[in-house]
Amino acid sequence: MDEHTFRRHLRVTWAQFDFLVIKLEQQGLNQGHHFGGLPDVPLRKKLLMFLWYMGNQNSFREISDRFDVSPSTAHRAILDVLGTLCSLTSSFIAWPNHCEKRVSAAAFARVCGINGIIGAIDGCHIKIQRPIIRGADYLNRKGFYSVLLQGIVDEKGRFQDIFVGPPGKVHDAGMLRSSNFYRTWEEKMEDYQLLGDTAYIGNAYPFVVTPKRDNGALTAEEQAGNVQISRGRVIVEQAFGRVKCKWRRVRDLQNKRLDIIVMVIMAACILHNLCTGSFDVCEDHPQGCPRQADDDNM
């Protein structure tokens, strides 16, 4: 299969695929495991099935037909890769060091004209089926069930930090306060700041630069400041858009097991970081993937 066709179907390049194979092998995946007396599925085939699963909305039966395995084998293989990939999260999603912060601050200054910014923060709804336990907590104000993804991205739209799993009815600010990042923000941020929307207005979030609420009486200077913030903050919105556009599984997760839901969302963020900056242009949206309407104004 040529590079273009492979990337169109599996969402990664051949080089990225081979890199993932190496990382999964290093974590011990596919080291002589057997099930029911039968040899395990080869790692490369497992990864192909997993990438197809992440990039599409096909059922396990449809995936098993495509890859000529039983539905139970497809299910087991995909969960094998999912669990192992999530154990590698820190290898793909990591907070920047001091030098990387300086690079990001310079890049954001060029984008939006605000100094001292190293990232943008926002929350995103991931649509799910009603969970069996405490299902009502996951009904968001837009009328569907969801879990939340909090993301902090750098100037390239790569995730520096994620927090996955709060129920859909939780507000962005509440999600931030519940995250590990919030407990360590002083150490991580140093003298830098993030860009955020009006959800983060308040004394509890001094590390987030937010726009002024538009009450119809903003001065020209305040309006200009809001425009600057929007120019930088759009990067995180576009990141969420690319995740859902490329890794279509997270558009609507037909799974009631919250542990699997969380891992699928984490895997989508890992794969997003793997691909970002490597000819990662959406064929359907070359100017940038739009954020889905159900994410707006959480």
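Where is the place of Asp 197? Select Asp 197 and you will land in the loop between β6 and β7. Before you zoom in, please note that this is a predicted model.

**Stop 1: Asp 197**

Asp 197 counts as buried because its relative accessible area is 16%, which is under the 20% cut-off. A polar atom of the Asp 197 side chain lies 3.0 Å from the backbone nitrogen of Ala 199.

**Stop 2: the whole chain**

Zoom out and switch to cartoon. The chain has twelve helices and seven strands. Of its 298 residues, 50% are buried. Contacts between residues at least 6 apart in sequence are worth a glance too: 66% of them join residues at least 24 apart.

**Stop 3: the sheet**

Colour the strands of the open sheet, which has five of them in the order β5-β4-β3-β6-β7, with mixed pairing. Strands β5 (159-167) and β7 (208-209) are at the edges; each has a single partner strand, so one side of each has no neighbour in the sheet.

Next, select residues 193-195, which form β6. Strand β6 pairs with β7 in the parallel sense, over two bridges.

**Stop 4**

Select residues 220-246 to bring up helix α11. This helix lies across β3, β4, β5, β6 and β7, and runs at about 40° to β3. Then select residues 258-275, helix α12. Helix α12 lies across β3, β4 and β5, with an angle of about 160° to β5.

**Stop 5: Ser 146**

Go back to the sheet and pick Ser 146, which is found in strand β4. Is Ser 146 buried or exposed? Ser 146 is buried, as its relative accessible area is 0%.

The side chain of Ser 146 makes a polar contact of 2.8 Å with the side chain of His 125, and another of 2.9 Å with that of Asn 140. If you display contacts beyond four places in sequence, Ser 146 also meets other residues, including Ile 126, Lys 127, Ile 128, Tyr 138 and Pro 166. Pro 167 and Gly 168 are among its contacts as well.

**Stop 6: α2 against α3**

Now select residues 14-26 for α2 and residues 43-55 for α3. The axes of these helices, α2 and α3, come within 10 Å and cross at roughly 120°. That angle makes α2 oblique to α3. The crossing in which α2 passes α3 is right-handed.

Show the side chains where the two helices meet. Here is what to pick:

- From α2, take Trp 14, Phe 17, Asp 18, Leu 20, Val 21, Leu 24 and Glu 25.
- From α3, take Leu 43, Arg 44, Leu 47, Leu 48 and Leu 51.

**Stop 7**

Leu 51 is buried, with a relative accessible area of 0%. Beyond four places in sequence, Leu 51 touches Leu 10, Val 12, Phe 17, Trp 247 and Leu 271.

Draw a line from the C-alpha atom of Leu 51 to that of Arg 11: the separation is 7.5 Å, although the two residues are 40 apart along the chain. Arg 11 sits in the loop between α1 (3-10) and α2. With a relative accessible area of 12%, Arg 11 is buried.

Check the backbone as well. Most residues other than glycine have a negative phi. Arg 11, which is not a glycine, has a positive phi of about 75°.

**Stop 8: Arg 134**

For the last stop, select Arg 134, another non-glycine residue with a positive phi, here near 55°. Where is the place of Arg 134? Arg 134 is in the loop between β3 (117-127) and β4 (146-153). Arg 134 counts as exposed, with 63% relative accessibility, whereas Arg 11 is buried.

Terms used. Residues numbered from 1 in each chain as written. Predicted model: local features only at pLDDT ≥ 70, side-chain atom pairs only at ≥ 80, totals over all residues. Heavy atoms only, no water. Helix = DSSP H or I, 4+ residues; strand = E, 2+ residues; numbered from the N terminus. Buried < 20%, exposed > 50% of the residue type's maximum accessible area, 1.4 Å probe, protein only. Pairing = 2+ DSSP bridges. Contact = heavy atoms within 4.5 Å. Axes fitted to C-alpha atoms, helices over the stretch in contact; angles between N-to-C directions. Polar contact = N/O pair within 3.5 Å; in protein donor to acceptor, adjacent residues only side chain to side chain. Parallel < 35°, antiparallel > 145°, perpendicular 65-115°, else oblique. Left-handed = near helix turned anticlockwise from the far one by under 90°.
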